[in-house]
Amino acid sequence: MYDVMSPKAEEFISHEEISDSLAYAREHKDDRKLIDQILAKARERKGLSHREAAVLLDCELEDKNQEIYALAEQIKKDFYGNRIVMFAPLYLSNYCVNGCEYCPYHLKNKHIARKKLTQEEIVKEVTALQDMGHKRLALEAGEDPVNNPIEYILESIKTIYGIKHKNGAIRRVNVNIAATTVENYRKLKEAGIGTYILFQETYHKESYQKLHPTGPKHDYAYHTEAMDRAMDGGIDDVGLGVLFGLNNYQYDFIGILMHAEHLEAYKGVGPHTISVPRLRRADDIDPDVFDNGISDEIFAKIVACIRIAVPYTGMIVSTRESQKCREKVLHLGISQISGASRTSVGGYAQPEPEEENSAQFDVSDNRTLDEVVKWLMEMGYVPSFCTACYREGRTGDRFMTLLKSGQIVNCCHPNALMTLKEYLEDYASEETRKVGDQLIEQEMDVITNPKVKEKVKDYLANIHNGQRDFRF
Ligand code: SF4
Ligand code: SF4
């Protein structure tokens with residue numbers, strides 16, 4: 001039975017409720033009156049229920065679809081402006097005891113090089129990431145209690161926060177590791193992580209169990225209830241995601257929104273982010289079975305509908321997607337992107353030799369961070385390296401309250417400009433710096449509060465003179 005407040009996975013992600021919502025959406029996909037009502041509700045910017053959002057996702061009326069895209073774009077502008085937060089993944093280890101059928105790190109894959117970074121190697125990798133200009137990392141590791149125990153992850157986090165190289169610093173470490181215990185989540189919290197990220201892959205229990213035939217990840221309930229345990233362990237910010245292409249996309253779209261509703265109702269805080277990865281080709285993965293199943297058009301529609309349904313949740317797109325595809329979805333609601341990513345274990349300090357392939361998937365966007373930053377700015381976006389909220393203690397409900405009040409904009413924009421200025425001073429090419437300095441000047445006009453504007457001007461001058469780490 002469906003119960004948003006239940007602690008049980010099968011009740012807060014009820015198969016019956018998803019099936020009924022799928023049928024409802026199909027039945028109303030060209031119901032103009034209902035779609036207008038839903039769009040009117042969405043314009044209030046307070047979000048939509050999973051069932052209402054499912055109707056928009058299935059909508060086949062061309063003019064209404066254009067309204068959906070326009071509204072997603074407007075909501076994105078209202079809440080996130082033209083800022084795009086930058087991050088990079090850091091793969092610590094690809095040892096894994098699970099049998100995920102779509103991932104080359106699965107236990108039975110014998111062609112892939114197995115690697116685990118030592119603390120010395122982490123220092124080299126992170127130094128290389130700092131030299132590129134990154135301030136925010138997402139740590140990735142396979143599930144392996146022997147090779148990657150929680151102590152290893154904690155030690156790595158400590159190492160990363162401790163590396164200060166020139167003006168560089170990693171100021172926020174997000175962590176994407178397997179579902180674990182409340183006690184381990186508490187340890188991660190104490191280690192100072194930002195967001196805990198865990199992809200559900202698919203919410204369809206039967207498919208989930210088939211796709212994860214062996215290993216601890218086979219346990220659907222343990223995996224699906226992980227975010228509740230993370231919050232019980234004191235982690236305020238959690239990041240959801242499904243791997244689009246594994247299963248019927250409408251099903252997983254409804255599932256992820258139900259998960260967000262559950263967190264909001266049961267824990268009082270919705271997800272901090274939603275990631276929208278699509279399947280990619282990878283070593284030992286059958287391209288006939290997993291072929292990146294959803295089209296660019298459907299992908300864009302999913303992004304737009306998530307933006308409308310959960311306006312307060314950040315949305316992440318990775319270098320799995322090509323430059324072209326990223327261009328298409330950025331304005332529809334994406335607030336964070338990765339840049340210059342390596343999906344191998346190591347590879348930032350020195351490119352991995354071809355015969356040693358340890359990558360999780362092929363990257364579609366291979367540009368350098370400097371190129372990505374310049375590209376964003378030339379499209380009118382402000383690349384942001386901001387990590388202020390987490391460091392000011394604005395997490396969980398404190399963050400959400402501020403965001404919902406619209407006040408966050410007074411922090412985000414100045415912080416984006418100041419962290420971009422740091423990037424331009426320390427890491428950018430001459431050409432990128434030129435484009436960036438012009439953009440900053442232009443974007444000063446967006447700050448309406450004269451006191452804040454004055455302060456930002458001072459801070460920018462101080463950054464130019466060598467000082468770092470100003471924030472609102
Ligand atoms: Fe392991 Fe994660 Fe890959 Fe599954 S998806 S095989 S858990 S690394
Ligand atoms: Fe994110 Fe907070 Fe920085 Fe805004 S001020 S970009 S919400 S960390």
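Two strands are taken to pair if DSSP finds at least two bridges between them. In this predicted model, strand 7 (residues 314-317) and strand 8 (residues 336-338) meet that criterion, pairing in the parallel sense over 2 bridges. Within strand 8, glutamine 336 is the bridge partner of isoleucine 316. Strand 7 also pairs with strand 6 (residues 273-275), again in the parallel sense, over 3 bridges; here isoleucine 274 stands opposite methionine 315. Together with helix 14 (residues 323-330), strands 7 and 8 make a right-handed β-α-β unit.

In a regular strand the side chains alternate between the two faces of the sheet. In strand 7, Gly314 and Ile316 point one way and Met315 and Val317 the other way, and all are buried.

A search of the whole structure finds 8 aromatic pairs. One of them joins phenylalanine 385 and tyrosine 423, which count as stacked because their ring centres are 5.0 Å apart and their planes lie at 10°. This pair links distant parts of the chain, 38 residues apart: phenylalanine 385 in the loop between strand 9 and helix 16, and tyrosine 423 in helix 18 (residues 409-426). Phenylalanine 385 is buried, at 2% relative accessibility, and tyrosine 423 is likewise buried at 2%. Ring pairs link Phe385, Tyr423 and Tyr427 into a cluster.

Charged side chains are also placed over aromatic rings. Lysine 116 lies over the face of tyrosine 152, at 4.3 Å from the ring centre, while the charged end of arginine 367 sits over the ring of tryptophan 375, 4.1 Å from its centre.

Terms used:
Residues numbered from 1 in each chain as written. Chains lettered and ligands numbered in written order. Predicted model: local features only at pLDDT ≥ 70, side-chain atom pairs only at ≥ 80, totals over all residues. Heavy atoms only, no water. Buried < 20%, exposed > 50% of the residue type's maximum accessible area, 1.4 Å probe, protein only. Helix = DSSP H or I, 4+ residues; strand = E, 2+ residues; numbered from the N terminus. Right-handed = clockwise from strand over helix to strand, strands pointing away. Phe/Tyr/Trp six-rings, centres within 6.5 Å; stacked < 30°, edge-to-face > 60°. Lys NZ or Arg CZ within 6 Å of the ring centre and 35° of its normal.
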